[in-house]
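User: I would like to learn how to read a pocket and a chain interface in a model such as this one. Could you take me through them step by step?

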Amino acid sequence: MNTEKKYTRLRETDIHPADLRDRQLFMQQVGICAETLALWHRSGMICVVDNAVGISHHWSITELQIMVTKIRHDYREWLRHRNRLAHRKILVVEDDADLRHLYEFQIQEMREDDWVHCVSDGAEALFSMGAVKPDIIICDLKMPGMDGFHMLDVLADTGYLRDCKKIIITGMQRQVLDKRFTLPDSVSVLTKPVDFDALHATINTAMAPNLLQREKAI
Amino acid sequence: MDKHRAKGSFRFKTMGLTFLLFMAFMLVLYSSSQKILSNSLSKQFLVQTEALTELIQSTLKPYVLSENLKAIHKAASSILAMEQIDNVQVYSYDTPLIELHSPRYPERQFGTDTDLLEAEDGYFDVVYRFDIEGMEIGKVLLSFSIDEERALLVDANRKLALAAVGMTFIAMLVTWILTGRITHRIQLLEHASNRFAAGFSDVELPVEGNDEIASTGRAFENMMWQLQEKYEALNLSPDGILLLSSNKRIAYINPALLNILGHSAENLHGKAFSEFEKALMSILDKRVHQGVKTVDALMKLRDFRVHTPEFKVLRCIHKQVDSPDGESFSEVFYLRDITHESEIDRMKSEFLTTAAHELRTPLASVMGFSELLMMNKYDQEKVRFMAETINRQSQNLKQMLDDLLDIARIEARSDGMLNLKKDTVRQVVDECCELIAASDKQCQLVYLPDEADWPLLWFDENKFKQALMNILSNAYKYSQDEGLVVVDTVLQEAQDGESDWFGLRITDHGIGMTEDQLAHVGEKFYRADNTGSIPGTGLGIALATEIILLHNGHLDITSQPGEGTQVILWLPVADTDQKTSSLTEIPEHTFPADSPVSINSNS
């Protein structure tokens, strides 16, 4: 699904009445919970009016369904293949294709028990979060479409995945970043080119509570 | 201290001096002439009396001896008859024999005077003694009237005194007039200097005549001319200059500074410093410099921003000039407009930051994958995939660096001269089209050289080829497979007496650009499509623009999103008579407004 450059914040006036769907039905069809719906609403990718949901004409509900289903399917396949629980679920948001591969390979090397999913921009990342709630998000900041800043903003506002560890890996220098954007302390920042040892160390910290929580859920 | 002396004291001093000198001189003259006169009169008198001695000795002495009264009487009468003699007394031993007066002789004591001037009562007494072998046997006493002499003397004295005083006064008057003339002209000089110092340039100098004052006046004139020259130079300076006198008033403010201060300071000449301060504070950018209220505070900042209304960055330099007596000082404020420099600095650092950032991205992949390969064992397919990625990104890096260096070299003009030739570009275009048609991506290239116009142009073959290849490869990259790319030529007639223009037009029907993207195209490293699905460095159009600008041409880019892009490379048509191009000197290069400066602009 090609979401680049197609992200524009949706307003009520943008929705054609014919595109409105019943909220409950939508949630059921796509397979998301109410929190995820609120997240997507807050990010502007969908529009929620009373009991109706409208989505941008850039993608259809079918595409959404397919995407969400696919991710879930991937995950379950992975679980079955490994015959054990994924230690962590890591979501990588990065627009450069080569870097995406790099992350995939590197993280697989670090811990075989981790499941990695790579997406190319913030909008796709938000959709993926509905399918599989990651424990760690590694994201780039400058991306076409929805950039990292907006995505993190939305996550912070809605409090979605507040226990998730967010790691920012950016080409910008620290000073520039600090000037433009005040990040909450729970967010770690690493610069490109990526020092994978540092990444490994960052990932390993503060993992215990997440584990416990998930084990409880399952 | 000079201020406390009375004005015009030179004249008074000179007059006083003249007065004293003349008085002394006159006094000397007076007393010496008096002495001479009385001396000569005395001498004359003595001669007279000496003459009488003979007479008296010869006539009266025998009579006194013989005591012949009648004869003595007769002789005495005849002596008395002499004009000046008013009293005759004859004595024998100590007894008076005869005493004869003239009618006007008053009662008086007989005295013995030695000096003519000492005779105060108008008579001079002389004693003639008769001696026989040292023994006095009688004497004759005569009183001479010296009224005439005295009158003469007094008259002479009076005349002398009058003359002396008169002379003194005349001398003083002459001195007064002469010094007046001198000091007047000197005052003219002083007045003119003061006026000039106050900033007025219409001054009158005493330059008439041939004397010293005139030559001093001419020297002053010369000096003022020199000063005026310097003022003119200050007036021309684009930087602001302010001269503050010792009493804190604005002695001079140059037009550039008035311009900077704008309408808030119509004319600050001669006004107090606080007016300038007020004007400067009013144009200060308060957002950046909060709490800066005085020029002193401003001086602590190195540079400051002002709103004039366009933004400027100024640097203020302050210097103090002590007065000759060291008691006070005047100040010089120099406000330099460093907007351009600071903008250039900012653009440079921005460019470097962007360049570094862009170069980092491929590097991240190279480092990451190579690390993996080093540390772990992978299967053949994975290894190949990683190696291929490393290779691809390295190529990307190399291309970026090459493009950057090209641009830097061109901008620094260290590339040497353009290797110009006067020819049609037809062959170059042919070659480029062949090259691009041979590339991996297959597009429909429409190029019909025979149906196009090919005027003669001055161009550098290699560079032009580079620029054209950049544009063509862009056209191919952003077209769909089997997309249509058209290459043709356009001619534009000359306007305003300039040369005709030849345009090489490349049209593609690919994804095109939005207005926003079009606005940024040509910025170094700008990529309209940032996903990395279409390879590129973001420097292609920037490079082509540089090259075309060097050729005195320009680039026209138009685009419609979803429909395609059209790029026209405009070059000036060569004059058929010209043997050499005016381009052999690298033309005055104006950077496009939003492009940063090259890295080595000073090489």
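**Reading a pocket and an interface**

Analyst: The lining of the second largest pocket is made up of 10 nonpolar, 7 polar and 5 charged residues. Please keep in mind that this is a predicted model.

User: How much space lies in the second largest pocket, and which residues lie nearest its centre?

Analyst: The second largest pocket holds about 830 Å³ of space, and of the 22 residues that line it, Ala197(B), Ser246(B), Ser323(B), Pro324(B) and Ser330(B) lie nearest the centre.

User: Which element supplies the largest share of that lining?

Analyst: That is β9(B), with 4 residues, while the elements of chain B that each supply at least two lining residues include α3 (147–197), β5 (240–244) and β8 (311–322).

User: How should I read the interface, and what is the area buried between chain B and chain A?

Analyst: The size of an interface is often given as the accessible area lost when the parts come together. Here the area buried between chain B and chain A is about 1,900 Å², with carbon and sulfur atoms giving 62% of it, and the contact involves 22 residues of chain B and 18 residues of chain A.

User: Which side chains meet in a salt bridge?

Analyst: The rule finds 1 salt bridge across this interface, in which the side chains of Asp98(A) and Arg392(B) meet at 2.8 Å, N to O. On the side of chain B that touches chain A, α8 (339–375) and α9 (380–412) each supply at least two residues, and the largest share, 11 residues, comes from α8(B). The residues on that side of chain B divide into 7 nonpolar, 10 polar and 5 charged.

Conventions
Residues numbered from 1 in each chain as written. Chains lettered and ligands numbered in written order. Predicted model: local features only at pLDDT ≥ 70, side-chain atom pairs only at ≥ 80, totals over all residues. Heavy atoms only, no water. Contact = heavy atoms within 4.5 Å. Buried area = accessible area lost by both parts, 1.4 Å probe. Salt bridge = Lys/Arg side-chain N within 4 Å of Asp/Glu carboxyl O. Nonpolar A, V, L, I, M, F, W, Y, C, P; charged D, E, K, R; others polar. 1 Å grid on protein atoms, 1.4 Å probe; cavity = no way out; pocket = protein on both sides within 12 Å on 5 of 7 lines; lining within 4 Å. Points joined across faces, edges and corners; volume = space filled by probe spheres on them.
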